[in-house]
Amino acid sequence: MAIAQAMCRLFTFHQLVTCSMKGATTTTGSPRPSLPAAERNAIIDVIAKTFDKPLVDVEEKMRGCLRHLRLMHK
């Protein structure tokens with residue numbers, strides 16, 4: 001919940017439904033632009049430190065949030 005709230009505050013709705021975490025190639029082969037690195041890394045660091053979670057877990061949750069928003073928008 002905290003991750004989704006932070007993402008909605010820092011990124012525009014358009015960014016959330018059209019971008020990937022790091023701009024990697026998708027399963028369909030077309031790369032999406034990445035979320036702005038500074039803001040993305042800030043969310044990951046703050047959430048990981050606040051909730052004492054590994055960075056990898058926070059990144060995975062962020063990817064899940066992006067996937068969920070993209071599916072809801074379709």
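Helices here are DSSP runs of H or I with at least four residues, numbered from the N terminus.

**Figure 1. Confidence along the predicted chain.** The model is predicted. Its mean pLDDT is 90 for the chain, with 99% of residues at 70 or more. Among the elements, the lowest mean pLDDT, 91, belongs to helix H1 (residues 2–10), and the highest, 95, to helix H3 (residues 37–51).

Figure 2. Met7 counts as buried because its relative accessibility is 1%, and the cut-off for buried is under 20%. Leaving aside residues up to four places away in sequence, Met7 touches Leu16, Ile43, Met62, Cys65 and Leu66. Ser30 is 23 residues from Met7 along the chain, and the C-alpha atoms of the two are separated by 23 Å.

**Figure 3. Close-up of helix H4, residues 55–73.** H4 comprises 19 residues. From its first C-alpha to its last it reaches 27 Å, close to the 27 Å expected at 1.5 Å a residue.

**Figure 4. The buried and exposed sides of H4.** Val58, Glu59, Met62, Leu66 and Arg70 are the buried residues shown in H4. These residues lie on the same side of H4 because they cover an arc of only 115 degrees around the axis. Val56, Glu60, Lys61, Leu71 and Met72, on the other side of H4, are exposed.

**Figure 5. What covers the buried residues of H4.** The cover includes H1, helix H2 (13–18) and H3.

Terms used: Residues numbered from 1 in each chain as written. Predicted model: local features only at pLDDT ≥ 70, side-chain atom pairs only at ≥ 80, totals over all residues. Heavy atoms only, no water. pLDDT = per-residue confidence, 0-100. Helix = DSSP H or I, 4+ residues; strand = E, 2+ residues; numbered from the N terminus. Expected span 1.5 Å × (residues − 1). Buried < 20%, exposed > 50% of the residue type's maximum accessible area, 1.4 Å probe, protein only. Arc of directions from axis to C-beta. Contact = heavy atoms within 4.5 Å.
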